[in-house]
Amino acid sequence: MAATERGNRELMQKSAEEAKNAKTPIEKLRCQCLSRGAHGIKGLGRSFRIMDDDRSRSLDFNEFKKGIENYGLQLETNEIREMFEELDRDNSGSLDFEEFLKAVRPPMSRRRVKLIHEAFVKLDRTGDGVVTVEDLHGVYDVSKHPKYLNGELTKDQCLRKFLDSFDSPDDKDGQITREEFLNYYAGVSASIDHDAYFDLMMRTAYGLSG
């Protein structure tokens with residue numbers, strides 16, 4: 001269900017090369033995030049969310065600049081300023097958090113976005129907007145997981161391992177929000193050229209109808 005190791009590696013290599021030739025700061029930021037793999041944009045979103053102490057879901061320029069630098073992305077101050085001003089369409093001096101992430105995500109067709117949301121709804125059994133180990137019971141079958149079969153992992157440990165596969169390597173919290181799920185699959189989507197293949201992958205992985 002998560003990105004394959006090979007697909008992730010190819011995405012990282014491709015994005016690292018594209019970052020060198022990016023024509024705009026937003027393209028450069030997107031490519032640098034994806035050069036970290038499918039979880040790259042999700043990790044950026046989480047980095048900014050941690051900074052949002054007042055939960056305003058908005059960022060002023062200093063917060064915006066600090067968030068990019070804290071995530072370790074290589075952008076000049078003038079590039080960060082140009083990006084901020086481009087995204088601050090109403091000249092309010094702040095960016096809407098979700099609008100910023102929407103601009104950074106690789107473009108996706110409505111069909112792909114719809115599939116991602118359908119998959120999340122299926123996983124989120126409680127409907128609270130967050131997928132946890134408890135949600136996965138009865139949805140994700142671990143009975144054929146090799147480490148469950150040989151007794152190395154319990155059912156809950158297998159489920160947690162599944163959740164961890166969506167997380168940034170150094171920032172695993174055992175839960176996925178709808179926004180993080182979308183950000184993650186935006187990265188996966190960037191490595192898949194054809195809608196038909198993406199459709200097949202999502203429907204097979206999550207047992208979606210249609």
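Student: What does Ala19 touch, not counting residues up to four places away in sequence?

Tutor: In this predicted model, Ala19 touches Lys28, Cys31 and Gln32. Touching here means heavy atoms within 4.5 Å. Ala19 itself is found in helix H1.

Student: Why does Ala19 count as buried?

Tutor: Set the value against the cut-off. Buried means under 20% relative accessible area. Ala19 has 15% relative accessibility, so Ala19 counts as buried.

Student: How far is Ala19 from Arg30, in sequence and in space?

Tutor: They are 11 residues apart in sequence. From C-alpha to C-alpha, Ala19 and Arg30 are 8.0 Å apart.

Student: What makes H2 largely enclosed by the rest of the structure?

Tutor: Count the buried residues. In H2, 8 of the 10 residues are buried, and therefore the helix is largely enclosed by the rest of the structure. The buried ones are Pro25, Ile26, Leu29, Arg30, Cys31, Gln32, Cys33 and Leu34. Cys31 and Gln32 have come up already, as contacts of Ala19.

Student: What covers the buried residues of H2?

Tutor: The cover includes H1, helix H3 (40-51), H5, helix H6 (97-104) and H11.

Student: Which residues line the second largest pocket?

Tutor: The lining is made of Leu11, Lys14, Ser15, Glu18, Arg30, Cys31, Leu34, Pro106, Pro107, Arg112, Ser189 and Ala190. Helix H1 (5-20), helix H2 (25-34) and helix H11 (178-190) are the elements that give two or more residues to this lining. H1 supplies the largest share, 4 residues. Arg30, Cys31 and Leu34 of the lining are also among the buried residues of H2.

Student: What is the volume of the second largest pocket?

Tutor: About 190 Å³.

Student: Where is Tyr71, and why is Tyr71 called buried?

Tutor: Tyr71 sits in the loop between helix H4 (61-70) and H5. Its relative accessible area is 12%, under the 20% cut-off, so Tyr71 is buried. Leaving aside neighbours within four places in sequence, Tyr71 is in contact with Cys33, Arg36, His39, Gly40, Gly43, Leu44 and Ser47. One of these, Cys33, is a buried residue of H2. Another, Gly43, is 28 residues away from Tyr71 in sequence, and 8.2 Å away in space, C-alpha to C-alpha.

Student: Asp88 and Asn91 are both placed in the loop between H5 and E2. Is Asp88 buried or exposed?

Tutor: Asp88 has a relative accessible area of 7%, and therefore counts as buried. Beyond four places in sequence, Asp88 touches Gly93, Ser94 and Leu95. Asp88 and Glu5 are 83 residues apart in sequence and 37 Å apart in space, C-alpha to C-alpha.

Student: Is Asn91 buried or exposed?

Tutor: Exposed means over 50%. Asn91 has 66% relative accessibility, so Asn91 counts as exposed. Asn91 also has a positive phi of about 55°, although it is not a glycine.

Student: What makes Glu152 count as partly exposed?

Tutor: Glu152 comes in at 49% relative accessibility, so Glu152 counts as partly exposed. Glu152 lies in the loop between helix H9 (146-149) and helix H10 (155-164). Ala186 is 34 residues away in sequence from Glu152 and 33 Å away in space, C-alpha to C-alpha.

Student: How do you know that the radius of gyration of the protein agrees with a compact globule?

Tutor: Compare the two values. With 210 residues, a compact globule would have a radius of gyration near 17 Å; the protein has 18 Å, so the two agree. Along the principal axes, the C-alpha trace spans about 55 × 35 × 35 Å.

Student: How many helices and strands are there in the protein, and what percentage of its residues count as buried?

Tutor: There are 12 helices and 4 strands. Of the 210 residues, 44% count as buried.

Student: What share of contacts between residues at least 6 apart in sequence join residues at least 24 apart?

Tutor: That share is 62%.

Technical notes:
Residues are numbered from 1 along each chain as its sequence is written. This is a predicted model: local features need pLDDT of at least 70, side-chain atom pairs count only at pLDDT 80 or more; totals for chains, interfaces and linings use all residues. Side-chain values use heavy atoms; hydrogens and water are left out. On a 1 Å grid over the protein atoms alone, a cavity is a set of points where a 1.4 Å probe fits but cannot get out, and a pocket is an open set with protein on both sides within 12 Å along at least five of seven lines; lining residues have an atom within 4 Å of a point. Grid points are joined across faces, edges and corners, and a volume is the space filled by probe spheres set on the points. The radius of gyration is taken over C-alpha atoms; the globule rule is 2.2 Å times the number of residues to the power 0.38. Buried means under 20% relative accessible area, exposed over 50%, partly exposed in between (1.4 Å probe, protein chains only).
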